[in-house]
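Hi,

Here is the structure I promised to pass on. Have a look at it first, and then read my notes below.

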Amino acid sequence: MKLSALHQSYLSRRSNSFRSSGPLDSASDAGYKSSAAVFWLILHGLCCLISLVLGFRFSRLVFFLLFSTSSSNLYTPPLRSAAELAKTLDVHSVQSTNPVANNLQLPFPNKTATNSRVIVGRHGIRIRPWPHPDPVEVMKAHQILERVQKEQRLQFGVKDPRTIIVVTPTYVRTFQALHLTGVMHSLMVVPYDLIWIVMEAGGVSQETASLIAKSGLKTIHVGFNQRMPNSWDERHKLESKMRLHALRIVREKKLDGIVMFADDSNMHSMELFDEIQNVKWFGAISVGILTTSANIAESLDRKEEEENPRMPIQGPACNASNMLAGWHTFNILPFAGKTAVNIDDRLTVLPRKLEWSGFVLNSRLLWKGGEDKPEWIQDIDMLDGDVESPLGLITDPSVVEPLGSCGRQVLLWWLRVEARTDSKFPPRWVIDPPLDITIPSKRTPWPDAPPELPAKEKPEMGIQDPIVKHVTKTRTSRSKHRSKRKHETRTDTQTSTRHAEQN
Amino acid sequence: MEIWRWVFIGIIFLADFIVKIEPFKLGRSQPTERISGSAGDVLEDDPVGRLKVFVYELPSKYNKKILQKDPRCLNHMFAAEIYMHRFLLSSPVRTLNPEEADWFYTPVYTTCDLTPNGLPLPFKSPRMMRSAIQLISSNWPYWNRTEGADHFFLVPHDFGACFHYQEEKAIERGILPMLQRATLVQTFGQRNHVCLKEGSITIPPYAPPQKMQTHLIPEKTPRSIFVYFRGLFYDVGNDPEGGYYARGARAAVWENFKDNPLFDISTEHPTTYYEDMQRAVFCLCPLGWAPWSPRLVEAVIFGCIPVIIADDIVLPFADAIPWEEIGVYVDEKDVPNLDTILTSIPPEVILRKQRLLANPSMKQAMLFPQPAQSGDAFHQVLNGLARKLPHDKSVYLKPGERVLNWTAGPVGDLKPW
């Protein structure tokens, strides 16, 4: 079991030596005739049984206590086998710092002649009485992390960051809170100075004002007199007008920085704000176009997709030498005829050819007066007609700088999701006064509410499933489902059939 | 008079303020700091011209044939012995004239007898070394001249020239008696330990430079992990009860900090191990069965401050690199308070350590690149050897004088190889 095993089995290399050194093991080799051998055998068996029960090598403990030469060692082995015990156990091990010789916690002496305070052998596993994080230390650690990250930004991040001027057209509607909060939170995390110009169609409203006040950013909230029209075309035109108005504000106030267009339903990544700091005059970035496909089965022509996989991306296209060669635009052919016309149509909403949000410009381009403005920028006061995209502001499209490793990185996503025009929402999303209609919940595991609840008004949709496409299917499934339920009351089946018919 | 005193004080204050700004500006453009250890600013010394090394021509059964039998030896953490040989063969410090050599190198690959799992078996190494020394002492007169005092050997195994993986056995054997006068270049280093001889040179374990190079991430990725560690806490195969492996220190780390969100520690083997290290501020480098580990090299390359939990350890090139200023030493008995210790380090100290780690000569000194580059670990070894020159006159023995006992050691070692 000893040396040959050592040579052959490498896996058990560490534990073998212990087993070979303990005198107990000699019992297996010794003859069975001598009483001493029998005694050792019995002792060995006893120790094995006790070890099985306790979960650690009892024999070693016995020998340690009997034969150890070290003084004042209080040694409690860690009960690691029982996981719960290990958690609650408070284990200490006082190592003897006897400088005379290396005192092992094992019953054979060490032959070293040097004075080392490090002891070879089994040590206790130190666990402090409350091995859980201390909140004060966690805060300190976070402060250290912040400081380290600040230093990293100083060294490797953008040098001399410029202010970012964000232009957002918006208007009051159900989804405004959703969209605007998203943009607002993205802007709040941006590590650079920010000025947020919010243009609101339909005039300045308390809704929007209270939303953006929560951001703590420098905001310029401007109202636009026209109301937002209902068709997507008109909406895009009005938004372009609002953005131009915002650019005029930038010119009037002589704001210095980088102008970017953040539509309120877009999603921006943090790398975007780092990347646009690299723009010199006029830059373009790749925008991921996310379209909701309402009619899944018919919208895509499979064969065409396989031949020419089209990416839903709008942005600059570069040639091999990383120079601007053209533009990627979103392919609208698969959606021909099935696009949404009005805002509340449940069809695919398509972007314009080139969205405003894919462009950034240096605010100095908009300033009045000569300075060192390049010649290819048009004066916005001279523009009268509609500007579809910022490319209409410049005369020479080849000067556009492609950002995001030449358009290969998609740093923001364009999305248009709106609710029905007649959908109502509580002003400022606060329910005041409280609703006086209560809907008893039926599809819960809790026992039914006492049946004397007034069968007042059980409004239609409430908790039930949303869009019902094929009415017959759901009716049968619902009744099937209902028949299985235990807590069925007759009124329920009546109401269910009633509103199934209503559908 | 009063006014002039205040003006004087004001000027001094202003001057102090201005002087403070200057180093800050320097810090922005040059985020590193020069490293100088106890031997001075020696990391960038060039050993060429300061020493001459003669490489013995041993029969290929000592080196090439062993490597041919198992080419895995080139990739494991003990590969330094092979790469050192290759480096010396083509280095300008090599001399073909042994009369003018300051140091003599014996290329014997003692750590290349691998198990199927890839772990080196040291059982034949003493015999191999002994046979090699017998060869060089009988074929060349230089060994007998000094009994090996101007020879150096690379012994990168767990406990160096004690040639065993188990600490008790290694201590029992002690350093091979024939190597008692030679200079040992080894990865093991622990103060007041039998297996660390006075005057040994500690080197880092081999870590593949190309592999680490391919996993670099952009430096502006913010470091968001506070403490990072991946590895075993309990060696269930060899020490199921715990307390023996790593002297219980790794187990203590696990038991105390397994539910602490600041500590990203686990036993998994993620594919993003190197990338994660670059996103961490502190990387734990606790001892295992031996006190050294390649984690130190990885931490230095990836700019993560090493937290060294190994009592009395001697780190690589300890005289050239001031490790106390670069890493954090934690006593094994203080492991339960590791979080307090790490969070109480002032941020300026942490930033300074990161600056020292960012020094390219620091990273270079930990690597064994092929082909060798200036300032790398090969050159640091040569620098270390050069610092030990000139040899003391007492190393030269009178002809016929014998100091070493050639028959000392376990009987098994005396068998020929």
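One term to start with: a salt bridge is a side-chain nitrogen of Lys or Arg within 4 Å of a carboxyl oxygen of Asp or Glu. With that in hand, you can find a network of salt bridges that links A:R173, A:R235, A:E239, A:R243, A:D263, A:D264, A:R416 and A:E418.

Before going on, some housekeeping. This is a predicted model, where local features need pLDDT of at least 70, side-chain atom pairs count only at pLDDT 80 or more, and totals for chains, interfaces and linings use all residues. Residues are numbered from 1 along each chain as its sequence is written, chains are lettered from A and ligands numbered from 1 in the order in which they are written, and side-chain values use heavy atoms, with hydrogens and water left out.

A:D264 and A:R173 join in a salt bridge at 2.9 Å, N to O. A:D264 sits in the loop between β4 (258–261) and β5 (267–268) of chain A and A:R173 in the loop between β1 (164–170) and α8 (176–189), so the pair ties together parts 91 residues apart in sequence. (Helices, H or I of at least four residues, and strands, E of at least two, are DSSP runs numbered from the N terminus.) Both residues, A:D264 and A:R173, are buried, where buried means under 20% relative accessible area, exposed over 50% and partly exposed in between (1.4 Å probe, protein chains only).

A:E418 and A:R235 make another salt bridge, with their closest N and O atoms 3.3 Å apart. Here A:E418 is in the loop between β12 (410–415) and α15 (471–484) of chain A and A:R235 is in helix α10 (residues 232–253), 183 residues apart. A:E418 and A:R235 are buried too.

Now for where the chains meet. The contact (heavy atoms within 4.5 Å) takes 68 residues from chain B and 52 residues from chain A. Between them the chains bury about 5,600 Å², 57% of it on carbon and sulfur atoms; buried area is the accessible area (1.4 Å probe) that two parts lose on being put together, summed over both. Three salt bridges run between chain B and chain A, and A:R128 forms a salt bridge with B:D339, the closest N and O atoms being 3.0 Å apart.

Within chain B, look at B:R72 and B:D70, whose side chains meet in a salt bridge (3.1 Å, N to O). B:R72 counts as partly exposed at 34% relative accessibility, while B:D70 is buried at 12%.

Cheers
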